Amino acid sequence: MDTAKATVLYARATPAFDDRVERALGLLIEAAEKHAERIVQASSLGAEDQVVTDLIARYRLPITVATLDTGKLHGETLALIGAVRERYAIAIERYRPVQEAVVTFVGRHGEDAMRQSVDLRKACCALRKVEPLGRMLAGREAWVTGLRRQQSSERSDVEFQETDDAGRAKINPLADWSWADVWHYIKTYDVPYNALHDRFYPSIGCAPCTRAVAVGEDIRAGRWWWEQGVKECGLHVEPLRAGMEHAS
Ligand code: SF4
């Protein structure tokens, strides 16, 4: 398997990098103060989220770090949870899908349901991601993401601070960061990151739905690559009401 250090491939110092770090940190500090104890970072354990977690941990901000353990994550991604605990002495909360729902879905449609149709892929994302996210966000006033405008055309208008469909504050401190910025930060602060990034996986999701990308391919080309159109799972482009209802 081809490997190359992601920090060597992607890290590059760009103008005003320090300003962007300052602004990201400022947003996190402000949000932590405003939503004390009722704010969570919804981490995908990807490169951007590791930057956000590093800022939270190094500045000891009272923001819970949590992730969706879909039951389909790569071993490398699960290993990162332990690496974060070791490095920062913080435990990442894990939100898993309802086991009965998974058993019923897999029993009816099979383990590879996501490849059979877009509807089944979305149904899989709904039960493994959207519903657990609803539980993660229940009772919180705000959440933090690693969304960046440059990630895709669907994310080109991401704001630093938004309000989600449930009226909750959504903080995107890296909204104006480039991919080079993310890796320059990771390299500068020696942030632990997913080993898959060294194998040309820029965007990491569930194992059956993520592949490496080729030089020149879009950053999200490795997600649901057999589908055409919008490459999103419903966490950031659709209302969270379904998940919230299930949680309640
Ligand atoms: Fe299911 Fe794939 Fe969505 Fe993960 S990314 S929840 S495996 S369809």
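These entries record what I looked up about aromatic rings in this predicted model.

Ground rules. I number residues from 1 along each chain as its sequence is written, and side-chain values use heavy atoms, with hydrogens and water left out. Because the model is predicted, local features need pLDDT of at least 70 and side-chain atom pairs count only at pLDDT 80 or more, while totals for chains, interfaces and linings use all residues.

Entry 1. I looked up the aromatic pairs and found seven in the structure. Rings of Phe, Tyr and Trp (its six-membered ring) pair if their centres lie within 6.5 Å; planes under 30 degrees apart count as stacked, over 60 as edge-to-face and the rest as tilted.

Entry 2. I took Trp179 and Trp183, an edge-to-face pair with 5.7 Å centre to centre and 75° between the planes. Both residues sit in helix α8 (residues 179-188), four residues apart, about one turn of the helix. Helices are DSSP runs of H or I with at least four residues, numbered from the N terminus. I noted Trp179 as buried at 15% relative accessibility and Trp183 as buried at 0%. Buried means under 20% relative accessible area, exposed over 50%, partly exposed in between (1.4 Å probe, protein chains only).

Entry 3. I then read Tyr185 and Tyr189: their ring centres are 4.5 Å apart and their planes at 40°, so the pair is tilted. Tyr185 is buried at 0%, whereas Tyr189 is partly exposed at 32%.

Entry 4. I checked for charges over rings (NZ of Lys or CZ of Arg within 6 Å of the ring centre and within 35 degrees of the ring normal). Arg58 lies over the face of Tyr189, 4.1 Å from the ring centre.

Notes: Helix = DSSP H or I, 4+ residues; strand = E, 2+ residues; numbered from the N terminus.
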